[in-house]
Amino acid sequence: MSFSLNDFYRPGGTRFRLYAQSPVLPDFSEPEIVWVSSPAGSLGPGPSDFRMFAVQPIDKKPYGDDAQSPYRGPREAPAMPGHGGHFDHIAPGDPAYPCVHMFGSVRRVLDVWETYLGGPVHWHFNITHPRLELIAHVPWDNAHFGWGFMECGEGADDKGVQRPFALNFDILAHETGHGMIFSIVGMPTPETLTTSYRGFHESASDCVAMISALHFDRFVDHVLRVCQGNLYVENEMNRIGELSKTRQIRKASNALKLSDVISVDTPSKDVTGKQVHQLGQPHTGAIFDIMVEFYLDRLVSSRVVSREMADHQREAARQGRADKADCGRFADAFAREPEVFRHALCDARDMLGLRLAETWRRLTPHDFVFGKEIATLLKVDAELSGNRHRQMILDCFEWREISISLSR
Ligand SMILES: [Zn+2]
């Protein structure tokens, strides 16, 4: 049921070397070869194409109120395509690599979601900016997506070494997620912007990052090996935007409920960026739980895990003790049938990705409430697989105290 983007695009696409996760992590210190959908030979210097272009400015401040994309100042020499139009000849250490990694990663994320959507994402800013500008580095401890651009700074790892965000796939995918949600769901007006929509935006962008990373073969293998098939156990998949082995920007498998974060009734103009990120966390947790349920369902259907084992692990996770629970039987099953677990995870990834993409396509950004989103997700899921998952989805949101009311 699941699909491989590398298999899709190996015959005619363009090769890049991408890090599946931050290169700070030992298992991801080397980038892997990835094929993206751009036809071989179609990409220009930068890299660039008709939808986006990468730039490494010299001495540029982050975009703010006083400066708008595109950047017109001095810049480093662009990355040039190699033999056959590929970019995998540009490796870490080459000054042009951050531009190549940023372009390839954003293209890869678009490939993932355009497959789920069944067509291209049209940038919401294309009325004034036909192409997305990718700024690989500015001296700043953040990254952001704005009108016509995405721009990366850097963050310190455990040892205080500054690591460029342009080499962090999670961060690039999260920012691409913001651009996609604005383009697919839309831009509210100041009058119709709700606090819930801001929280949803952050959560959806984290989900984009998590599902996109699961399209790297090495990442899927790593996640399953580390948790021995039990996704509730701490692993790279549920840590988003990792800066080191112990620090990440957010966790998908968190235990937060809506009552732990700022009220959705707070006026959107009064909510800080940090509060918005926290508000997205229970929602991300619910979506993560749904994916794990899809995964467990596939494992139980394949008879490698019993229903009772799946129920036991779920209960342990909800009590916040997944790490301490008896994982032995899961580990034994994984050791016997690793390929079945791999297929189950890829199936769960694509089941969730397909449902989220179709849900986003049907949502409006105006007067957004979580209840409307959940109702839409339930409708999409029912169209794809009947009522089989309905109660499970409702339970995942209910446990997070996320209301299914259509008015809040
Ligand atoms: Zn964000």
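Me: Which residues does His283 touch, not counting residues up to four places away in sequence?

Reply: In this predicted model, His283 touches Phe200, Ser203, Phe370, Glu373, Phe397 and Ile402, not counting residues up to four places away in sequence, where contact means heavy atoms within 4.5 Å. His283 itself lies in helix H6, and helices here are DSSP runs (H or I, at least four residues), numbered from the N terminus.

Me: Why is His283 called buried?

Reply: Buried means under 20% relative accessible area, exposed means over 50%, and partly exposed lies in between (1.4 Å probe, protein chains only). His283 has 2% relative accessibility, and therefore counts as buried. Arg108, which lies in helix H2, has 1% relative accessibility and so counts as buried; among the residues that Arg108 touches are Leu5, Trp35, Phe169 and His215.

Me: What makes H2 and H4 roughly perpendicular?

Reply: The axes of H2 and helix H4 (residues 195-213) come within 10 Å and cross at roughly 95°, the axes being lines fitted to C-alpha atoms over the stretch in contact, with angles from 0 to 180 degrees between N-to-C directions. Angles under 35 degrees count as roughly parallel, over 145 as roughly antiparallel, 65 to 115 as roughly perpendicular and the rest as oblique, and H2 and H4 are therefore roughly perpendicular to each other. In this pair, Val109, Val112, Trp113 and Tyr116 in H2 meet Cys207, Val208, Ile211 and Ser212 in H4.

Me: How do you know that Arg342 and Asp221 form a salt bridge?

Reply: A salt bridge is a side-chain nitrogen of Lys or Arg within 4 Å of a carboxyl oxygen of Asp or Glu, and the closest N and O atoms of Arg342 and Asp221 are 2.8 Å apart. Arg342 lies in helix H9 and Asp221 in helix H5, so the pair ties together parts that are 121 residues apart in sequence. Arg342, at 17% relative accessibility, counts as buried, whereas Asp221, at 36%, counts as partly exposed.

Me: Why is Ile127 called exposed?

Reply: Ile127 lies in the loop between helix H2 (97-117) and strand E4 (132-135), and because its relative accessibility is 74%, Ile127 counts as exposed. Together with Trp147 and Met187, Ile127 forms a nonpolar patch on the surface, with about 340 Å² of accessible area together. Such patches are made of residues with over 30% relative accessible area and no salt bridge, nonpolar side chains (Val, Leu, Ile, Met, Phe, Trp, Tyr) being joined within 5 Å and like charges within 9 Å; the areas come from the Shrake-Rupley method with a 1.4 Å probe, and for residues only the protein chains shown count as cover.

Conventions
Residues are numbered from 1 along each chain as its sequence is written. This is a predicted model: local features need pLDDT of at least 70, side-chain atom pairs count only at pLDDT 80 or more; totals for chains, interfaces and linings use all residues. Side-chain values use heavy atoms; hydrogens and water are left out. Helices (H or I, at least four residues) and strands (E, at least two) are DSSP runs, numbered from the N terminus.
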